[in-house]
Amino acid sequence: MRGSLQLVQRPALLFMMIAMPLLCSWFLLDLMKGGAVEGVPVAIVNLDNSSMSRAIERNLSAMQGVNIKRHYASHGDAMKALQRGDIHGFFLIPERMQELTLGGRSPMVSYYINYAYFTPSSSQYKGFKAVSMLTNGAIAKTMLDAVGLISEQSIAATLQPILTHVHGINNPWTNYGYYLNMSFIPCLLALFVMLTTTTTIGSEFKQATSLEWINVAGGSVIVATLGKLLPQTVIFIAVGWMTQALMFNSYGIPLHCDPWTMMGAMVLFVLANQAFALFVICFVPNYRKASTLCTLLGMMSFSFCGFSLPAESMYPIFNSMSYVMPMRHFFLISVDQALNGIDIYYSRIHFAALIGYLVLPIPLLLRLRHNCVKPLYVP
């Protein structure tokens, strides 16, 4: 009752629990609904103006990942535009490229990329590199054709001795949104869960009402904690299911498992983050310190849980740290179940880990009761 009353009396908490996760989810999903990054604005500096350089321009224009917005007459002009942010990169064709190429020498083609924006930069890098490789192959084919001693089939085998067929499993569209939103949205939800938990319990210490809180629960710290957190649990589970409905139904993220599997994982995920935050507030019975620690650990989840860089490629200490947070286990469940659709048996360890977090704060509940009965708040 006290937990529900506290939520009603503090609209900011309800806004953080309901409106913020849904607004952030909608924003991220709508932002990346287009899938792979396309049409990154780039420029070209053609100092050769030959038929070969014009063919390179046409090939670059045909690339889906880049969009030639500007043509500059010099390297300096293009570099200034790149520094101003007018373009994200430019492709430089040197002087006398065709002449040097046909003369058997090796002119150097350069491209400059602003890596301050990683995703569009990766897209334009792939486009620039593909054009460079195509140009090298075309030049080699032209030279071999000019010799006239090698058949077309032999030329093709020389330039590309091994043919490759790429099959993208479970995300053949290479849609960044599918991968990123399945990690960022739950991570934001986890952050809101932990902050709300530490705020509602830590405020009892801050406002010197912790003794009253325990007395209302009949002296039982378990009853007091459940009364405080259960209303939040119900709300966060409902919000979590709504974010999953947005991802899998409204925005078409693949779901290759039973929907109840992911819904059950969301229930455990919310409970695990509440338990983790409760463990922190039991260990550090200070509102400011506990909320700061939960914020720090929640933000570190974006880096350490394997979203941008696989945890297996990190240093061993950071790889081990990634498994401390519930987000890492929920992320692996999402990948294995929703994207890959493998048997739930292979995700049993991560389900067990989420359940294990529920036991984490139990040994410290007596410490929490002691701090409530004899509060010592340090601002």
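Which element gives the largest share of the lining of the largest pocket? The legends below answer this and describe further close-up views. The structure is a predicted model, in which local features need pLDDT of at least 70 and side-chain atom pairs count only at pLDDT 80 or more, whereas totals for chains, interfaces and linings use all residues. Residues are numbered from 1 along each chain as its sequence is written, and side-chain values use heavy atoms, with hydrogens and water left out.

**Figure 1. The largest pocket and its lining.** The largest share of the lining, six residues, comes from α10. Helices (H or I, at least four residues) and strands (E, at least two) are DSSP runs, numbered from the N terminus. The elements that give two or more residues to this lining are α10 and α11. In total 14 residues line the pocket, and T225, L226, L229, L278 and L358 lie nearest its centre. The volume of the largest pocket is about 350 Å³. A pocket is an open set of points on a 1 Å grid over the protein atoms alone, with protein on both sides within 12 Å along at least five of seven lines; a cavity is a set of points where a 1.4 Å probe fits but cannot get out, and lining residues have an atom within 4 Å of a point. Grid points are joined across faces, edges and corners, and a volume is the space filled by probe spheres set on the points. The pocket lining divides into eleven nonpolar, three polar and no charged residues. Here Ala, Val, Leu, Ile, Met, Phe, Trp, Tyr, Cys and Pro count as nonpolar, Asp, Glu, Lys and Arg as charged, and the others, Gly among them, as polar.

**Figure 2. The largest cavity and its lining.** A search of the whole structure finds one cavity of 30 Å³ or more, and the largest cavity holds about 40 Å³ of space. Its lining consists of M182, P186, Q244, M247, F248, M262, M266, F330 and S334. Two or more of these residues come from each of α8 (176-206), α10 (221-250), α11 (259-283) and α14 (326-339). The most, three residues, come from α10. Seven of the lining residues are nonpolar, two are polar and none is charged.

**Figure 3. A cluster of aromatic rings formed by F91, Y111, Y125 and F128.** Rings of Phe, Tyr and Trp (its six-membered ring) pair if their centres lie within 6.5 Å; planes under 30 degrees apart count as stacked, over 60 as edge-to-face and the rest as tilted. Nine aromatic pairs are found in the whole structure. The pair of F91 and Y111 is stacked, because the ring centres are 5.9 Å apart and the planes lie at 15°. F91 belongs to strand β3 (residues 89-93) and Y111 to strand β4 (residues 110-113), so this pair ties together parts that are 20 residues apart in sequence. F91 is buried, at 1% relative accessible area, while Y111 is partly exposed, at 27%. Buried means under 20% relative accessible area, exposed over 50%, and partly exposed in between (1.4 Å probe, protein chains only). Y111 also forms an edge-to-face pair with Y125, at 6.3 Å centre to centre and 65° between the planes. Y125 lies in helix α6 (residues 118-147), so its pair with Y111 of strand β4 ties together parts that are 14 residues apart in sequence.

Figure 4. The whole structure holds zero disulfides, a disulfide being a pair of cysteine sulfur atoms within 2.5 Å. C282 is buried, with a relative accessible area of 0%.
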